[in-house]
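Visitor: I am new to this structure. Please show it to me, and then take my questions.

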Amino acid sequence: MSDPAATSASGHLRRRTVVAATAASAALLPLVGGLSSAHAAEGPAFLHGVASGDPLPDGVLLWTRVTPSPEAVPGSGKGGPVTVTSEVAEDEAFSKVVAQGKSEATAAADHTVKADVRGLRPETAYFFRFGVGEVHSPVARTRTTPAEEADADNLRVGVVSCSHYEAGYFAPYRHLAARGDLHAVIHLGDYIYEYGTSEYPLEGDVVRKVQPEHEITTLADYRIRHAHHKLDTDLQAMHAAHPVIAMWDDHEFANDTWSGGAGNHTPGGEGEWADRVRAAKQAYFEWMPVRPSTEGTTYRRLKFGRLADLHLLDLRSFRDEQAKFADGDVIDDPDRTITGRKQLDWLKSGLSASSARWRMVGTSVMISPVAFGSVPAHLLGPLAELLGIPKEGLALNVDQWDGYTDDRRELLTHLRDQRIDNTVFLTGDIHMAFANDVPVKAATYPDDAPVATEFVVASVTSDNLDDILKVEPDTLSSVAEAAVKVTNRHVRWLDMDSHGFGVLDVNSERAQMDYFIVSDKADPAATTEVRRSYRTLSGSQRLEEADGPLNA
């Protein structure tokens, strides 16, 4: 890693150390002070923290999991029902309680509890907690969104993706938790991974072991995996500090999931796919602060006043199987879909009807077309392993929108023909950071103006190029990065080596993504710094490098 003070020839800030691990931990102490009372040996306990999500102008969804007795561990089906109270207050001391409720935690829902609180004030921070008798959960804070017609001045959200437990520590979550300036955190998918221990990454690269140690396929398995993640103190801290707006990608189920199966699922040997996906979805909605729709999907829409809309997509439940190779006749087939007809129509209609200044779209896989044909031969294999594509001279990633070009063409043409501006795609999945202009046709860029922009965030921990090559960051990736930019002129910047998170800041004039990286994903006390900042000015549909981060 280069000197944190290094600057480009133009003088723009490239990297800047912004917060140390000790400072981040100290900032969290007031919120986790109630954790000790949650570890009662015999009585009820709140071992997995608390969370909030899907904020609205008048409400928010609250979540916790209670362990009513020692034997009632996640996935066990043991333990009787217990009444859980919820409280929302204006202050951390709970002297001004504004909402109260009761729920029953049962083994049928793995003793998880959700409280959908309404009647709150718009754009307001609140504190909340759960209780069973005299035992209280940790205290957490959350925040409602602006009133629907309010002219909000600013929106600032953390953006994360791809948090493999065995690949490293969740330091990015800790650093996001330490920030007091975020309205929410958006998780773009791969919150958990389905692999057994040492399957990915391989045994020699495992930083810490996940539970259960075998590949997860059953309802009990998925429950235990979610529960083990939520024992992580950095993850608990993030959930305690901010509402988390979550969507899924493939690893909440199995690698390369599609509507009828997955690349990492063997029918017969691992049971029926319908049973596995049903179990995975049930566990997800039990353990995540997400409001399920009637279809049991995560596509939905949230509003932040008149400043921004957020359209979250489900690109796993309705897609056709990925093409087996980069055959134009296959990937261009108009009968093949990544969204499903209903979801694509919903998205187009929502984008057209939006009166917000900015239209943000959470897409778990990259929408920008990217070709890799000019990458040197010795790097093709590792890139193919990372992207899940053929090693014999690759052209595209068929798991992304590149493998379903008709859906992409229809959506991007809709943006162009309806003159819908200020659309920003937020993307995870590929364990790299990108800043892209999004053209209808890459071949005609930049002569034909782009119709949107895209910010792709790096993984929290999941392996990227230098991890796979087992080299120091920036050793070989600069060659591949340069080759990709030559072939893809709409790719303004990319980083194939770093791990971290993004902070997206939106106001009426621009949307800016600051790309934060962590010093070492294998270090639980990792520090963070800004790698690069890009922004799009309102009405431009183009990215430009920003002078530096905003209030980092």
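Guide: Val438 stands opposite Ala452 in E20, where strands (E, at least two residues) and helices (H or I, at least four) are DSSP runs numbered from the N terminus. This is a predicted model, in which local features need pLDDT of at least 70, side-chain atom pairs count only at pLDDT 80 or more, and totals for chains, interfaces and linings use all residues. Residues are numbered from 1 along each chain as its sequence is written, and side-chain values use heavy atoms, with hydrogens and water left out.

Visitor: How many bridges join strand E19 to strand E20?

Guide: E19 covers residues 433-438 and E20 residues 452-456, and the two run antiparallel. Strands pair if DSSP finds at least two bridges between them. The number joining E19 to E20 is five.

Visitor: Which strands stand at the edges of the sheet?

Guide: The open sheet of seven strands has mixed pairing and the order E15-E16-E17-E18-E20-E19-E21. Each edge strand has a single partner, so one side of each is left without a neighbour in the sheet. The edge strands are E15 (300-304) and E21.

Visitor: Which helix packs on the sheet, touching E18, E19 and E20?

Guide: Contact means heavy atoms within 4.5 Å. The helix covers residues 405-417, and its direction makes about 150° with that of E18, taking axes as lines fitted to C-alpha atoms and angles from 0 to 180 degrees between N-to-C directions. It is helix H9.
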